[in-house]
Amino acid sequence: MPINRGAIEARRRASEARPDFVRPESWRYARLETSWRKPKGVDNHQRKQLSRGRPGLVKVGHGGPAASRGLHPSGYTDNLVHNVADLAQLDPKADGVRIGHGVGTRKRLAIVSRASDLGLKVFNARVERAAGKS
(Lines give C-alpha, C1' and ligand atoms only; values in the text may rest on other atoms or scores of the structure.)
Protein backbone atom coordinates (compact mmCIF):
# COMPACT_ATOMS: atom_id res chain seq x y z
CA MET A 1 0.00 0.00 0.00
CA PRO A 2 1.60 3.30 -1.07
CA ILE A 3 1.93 6.05 1.48
CA ASN A 4 0.67 9.62 0.86
CA ARG A 5 -1.87 8.20 -1.57
CA GLY A 6 -4.11 11.28 -1.32
CA ALA A 7 -1.28 13.67 -2.17
CA ILE A 8 -0.16 11.56 -5.13
CA GLU A 9 -3.74 11.36 -6.41
CA ALA A 10 -4.17 15.16 -6.06
CA ARG A 11 -0.94 15.67 -8.03
CA ARG A 12 -2.19 13.35 -10.76
CA ARG A 13 -5.51 15.21 -11.02
CA ALA A 14 -3.72 18.58 -11.17
CA SER A 15 -1.41 17.37 -13.93
CA GLU A 16 -4.38 16.17 -15.99
CA ALA A 17 -5.99 19.62 -15.77
CA ARG A 18 -2.74 21.43 -16.58
CA PRO A 19 -2.37 22.50 -20.23
CA ASP A 20 0.51 21.25 -22.35
CA PHE A 21 3.03 24.06 -22.50
CA VAL A 22 4.85 24.10 -25.82
CA ARG A 23 7.71 26.18 -27.12
CA PRO A 24 6.65 29.21 -29.15
CA GLU A 25 6.52 28.54 -32.91
CA SER A 26 7.48 24.87 -32.39
CA TRP A 27 4.40 23.90 -34.35
CA ARG A 28 5.66 26.00 -37.24
CA TYR A 29 9.27 24.85 -37.59
CA ALA A 30 10.37 21.20 -37.54
CA ARG A 31 13.83 22.17 -36.24
CA LEU A 32 12.38 23.43 -32.94
CA GLU A 33 11.66 20.96 -30.17
CA THR A 34 8.38 21.27 -28.29
CA SER A 35 10.03 21.54 -24.85
CA TRP A 36 9.06 24.76 -23.07
CA ARG A 37 11.10 27.92 -23.53
CA LYS A 38 9.87 31.26 -22.26
CA PRO A 39 9.02 33.71 -25.07
CA LYS A 40 11.21 36.78 -24.61
CA GLY A 41 10.78 38.74 -27.81
CA VAL A 42 9.53 42.32 -27.66
CA ASP A 43 6.77 41.67 -30.19
CA ASN A 44 6.13 38.01 -29.40
CA HIS A 45 2.41 37.30 -29.65
CA GLN A 46 2.47 34.39 -27.25
CA ARG A 47 4.20 36.46 -24.57
CA LYS A 48 1.72 39.29 -25.00
CA GLN A 49 -1.21 36.84 -25.28
CA LEU A 50 -2.55 38.97 -28.13
CA SER A 51 -4.20 36.49 -30.46
CA ARG A 52 -6.57 33.72 -29.54
CA GLY A 53 -5.43 30.19 -30.10
CA ARG A 54 -1.92 30.78 -28.84
CA PRO A 55 -0.80 28.34 -26.13
CA GLY A 56 -0.72 29.64 -22.58
CA LEU A 57 2.32 30.67 -20.59
CA VAL A 58 3.79 28.86 -17.63
CA LYS A 59 2.66 30.66 -14.49
CA VAL A 60 2.75 29.95 -10.78
CA GLY A 61 -0.93 29.05 -10.67
CA HIS A 62 -0.34 25.91 -12.73
CA GLY A 63 1.75 24.24 -10.01
CA GLY A 64 0.77 21.08 -8.19
CA PRO A 65 -0.59 20.88 -4.65
CA ALA A 66 1.81 21.80 -1.85
CA ALA A 67 1.19 18.50 -0.05
CA SER A 68 2.63 16.49 -2.93
CA ARG A 69 5.62 18.71 -3.62
CA GLY A 70 8.90 16.87 -3.10
CA LEU A 71 7.31 13.42 -3.08
CA HIS A 72 8.68 10.55 -5.10
CA PRO A 73 6.07 8.81 -7.30
CA SER A 74 6.11 5.95 -4.77
CA GLY A 75 4.80 8.36 -2.11
CA TYR A 76 7.98 8.60 -0.02
CA THR A 77 9.75 11.92 0.53
CA ASP A 78 12.90 12.28 -1.53
CA ASN A 79 16.07 12.78 0.57
CA LEU A 80 19.50 13.27 -0.96
CA VAL A 81 22.23 11.33 0.88
CA HIS A 82 26.00 11.52 0.47
CA ASN A 83 27.23 9.39 3.37
CA VAL A 84 26.07 6.80 5.91
CA ALA A 85 25.65 9.42 8.66
CA ASP A 86 22.91 11.15 6.64
CA LEU A 87 20.68 8.08 7.10
CA ALA A 88 20.45 8.50 10.87
CA GLN A 89 17.69 11.13 10.97
CA LEU A 90 15.42 9.48 8.36
CA ASP A 91 12.13 7.72 9.12
CA PRO A 92 11.70 4.41 7.24
CA LYS A 93 7.89 4.79 7.15
CA ALA A 94 7.91 8.14 5.32
CA ASP A 95 11.37 8.87 3.92
CA GLY A 96 13.11 7.47 0.85
CA VAL A 97 16.78 7.78 -0.03
CA ARG A 98 18.40 9.10 -3.20
CA ILE A 99 22.17 8.64 -3.26
CA GLY A 100 24.14 11.64 -4.54
CA HIS A 101 25.62 11.58 -8.03
CA GLY A 102 29.23 11.91 -6.93
CA VAL A 103 29.16 9.02 -4.47
CA GLY A 104 31.51 6.19 -5.48
CA THR A 105 30.88 2.46 -5.48
CA ARG A 106 32.47 1.68 -2.11
CA LYS A 107 30.50 4.31 -0.21
CA ARG A 108 27.39 3.50 -2.26
CA LEU A 109 27.63 -0.13 -1.11
CA ALA A 110 27.90 1.01 2.52
CA ILE A 111 24.91 3.34 2.17
CA VAL A 112 22.75 0.68 0.52
CA SER A 113 23.56 -1.96 3.13
CA ARG A 114 22.91 0.45 6.03
CA ALA A 115 19.68 1.65 4.43
CA SER A 116 18.46 -1.93 4.06
CA ASP A 117 19.30 -2.55 7.73
CA LEU A 118 17.23 0.50 8.69
CA GLY A 119 14.40 -0.47 6.34
CA LEU A 120 14.75 2.59 4.10
CA LYS A 121 13.76 2.57 0.43
CA VAL A 122 16.64 3.46 -1.92
CA PHE A 123 15.50 4.96 -5.23
CA ASN A 124 18.78 4.74 -7.15
CA ALA A 125 20.82 1.94 -5.60
CA ARG A 126 22.54 1.04 -8.92
CA VAL A 127 24.86 -1.38 -7.18
CA GLU A 128 25.17 -5.11 -6.80
CA ARG A 129 26.32 -6.87 -3.67
CA ALA A 130 29.33 -8.42 -5.36
CA ALA A 131 30.41 -5.27 -7.22
CA GLY A 132 34.11 -5.27 -8.00
CA LYS A 133 34.64 -8.83 -6.72
CA SER A 134 35.22 -11.79 -8.98
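User: Two strands pair if DSSP finds at least two bridges between them. Which residue in strand 2 is the bridge partner of threonine 77?
Analyst: Aspartate 95 is the partner of threonine 77. Keep in mind that this is a predicted model.

User: How many bridges join strand 1 and strand 2?
Analyst: Five, and the two strands run parallel. Strand 1 covers residues 77-81, and strand 2 covers 95-99.

User: What sheet are they in, and what is the strand order?
Analyst: An open sheet of three strands, ordered 1-2-3, with parallel pairing. Strand 1 and strand 3 (121-122) are the edges, as each pairs on one side only.

User: Is phenylalanine 21 buried or exposed?
Analyst: Buried, at 18% relative accessible area. Tryptophan 36 has 24%, so tryptophan 36 counts as partly exposed.

User: What sits over the ring of tyrosine 29?
Analyst: The charged end of arginine 31, 4.7 Å from the ring centre.

User: Last one. Where is serine 68?
Analyst: In the loop between helix 2 (45-48) and strand 1. Serine 68 counts as buried because its relative accessibility is 1%.

User: What does serine 68 touch, leaving out residues up to four places away in sequence?
Analyst: Ala7 and Arg11. A polar atom of the serine 68 side chain also lies 3.1 Å from the backbone oxygen of proline 65.

How values were computed. Residues numbered from 1 in each chain as written. Predicted model: local features only at pLDDT ≥ 70, side-chain atom pairs only at ≥ 80, totals over all residues. Heavy atoms only, no water. Helix = DSSP H or I, 4+ residues; strand = E, 2+ residues; numbered from the N terminus. Buried < 20%, exposed > 50% of the residue type's maximum accessible area, 1.4 Å probe, protein only. Polar contact = N/O pair within 3.5 Å; in protein donor to acceptor, adjacent residues only side chain to side chain. Contact = heavy atoms within 4.5 Å. Lys NZ or Arg CZ within 6 Å of the ring centre and 35° of its normal.
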